[in-house]
Amino acid sequence: VFGSGLHWAGGTLVYLLRHHHRFCVFDFSSYMLECENTAGPGLKAKDAKTLAFLQVASMSKMLQQFIFDRLSLLCPLPPAVPVSFRPPPGDRGPQKVMAITSLDDTSAAQPAATAGINQAA
């Protein structure tokens, strides 16, 4: 595990935030590996820098998959519960609209014209 602390830290955060599937889909290194694997024989990378990148990307992908597998075994996540946001039961929206008529005297707030606003109490 020595030397892979950043992978473990990042993978743990991604896993605990439940984004590991998104990470796998949008990982650029994985995308480049898939492009290389599906390329025809004449389209394979021949540049030394590209080949070195693909080798490191392959090792990084295997390590990241190993980390996600270990985390799912050691720390299984509970099923996600859908959350619905609703206003509190007593909140029926604005009851009164006040308008400040003067910049100098903020205590002189007067009810504004509330045409179209339901003011039922």
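Rings of Phe, Tyr and Trp (its six-membered ring) count as a pair when their centres lie within 6.5 Å; planes under 30 degrees apart are called stacked, over 60 edge-to-face, and the rest tilted. With this rule, the count is three aromatic pairs. Everything here comes from a predicted model, where local features need pLDDT of at least 70 and side-chain atom pairs count only at pLDDT 80 or more, while totals for chains, interfaces and linings use all residues. Residues are numbered from 1 along each chain as its sequence is written, and side-chain values use heavy atoms, with hydrogens and water left out.

**View 1. Phe23 and Phe68 form an edge-to-face pair.** Their ring centres are 6.0 Å apart with planes at 80 degrees. This pair links distant parts of the chain, 45 residues apart: Phe23 sits in helix α2 (residues 20-26) and Phe68 in helix α4 (residues 48-74). Helices here are DSSP runs (H or I, at least four residues), numbered from the N terminus. Phe68 is buried at 6% relative accessibility, whereas Phe23 is partly exposed at 31%. Buried means under 20% relative accessible area, exposed over 50%, and partly exposed in between (1.4 Å probe, protein chains only).

**View 2. Phe28 and Tyr31 make a tilted pair.** Look for ring centres 6.4 Å apart and planes at 35 degrees. Both residues belong to helix α3 (residues 28-38), three residues apart, which means about one helical turn separates them.

**View 3. Cys24 and Cys75 are both partly exposed.** Cys24 has a relative accessible area of 37%, and Cys75 comes to 35%. A disulfide would need a pair of cysteine sulfur atoms within 2.5 Å; the count of disulfides is zero.

Conventions:
Helices (H or I, at least four residues) and strands (E, at least two) are DSSP runs, numbered from the N terminus.
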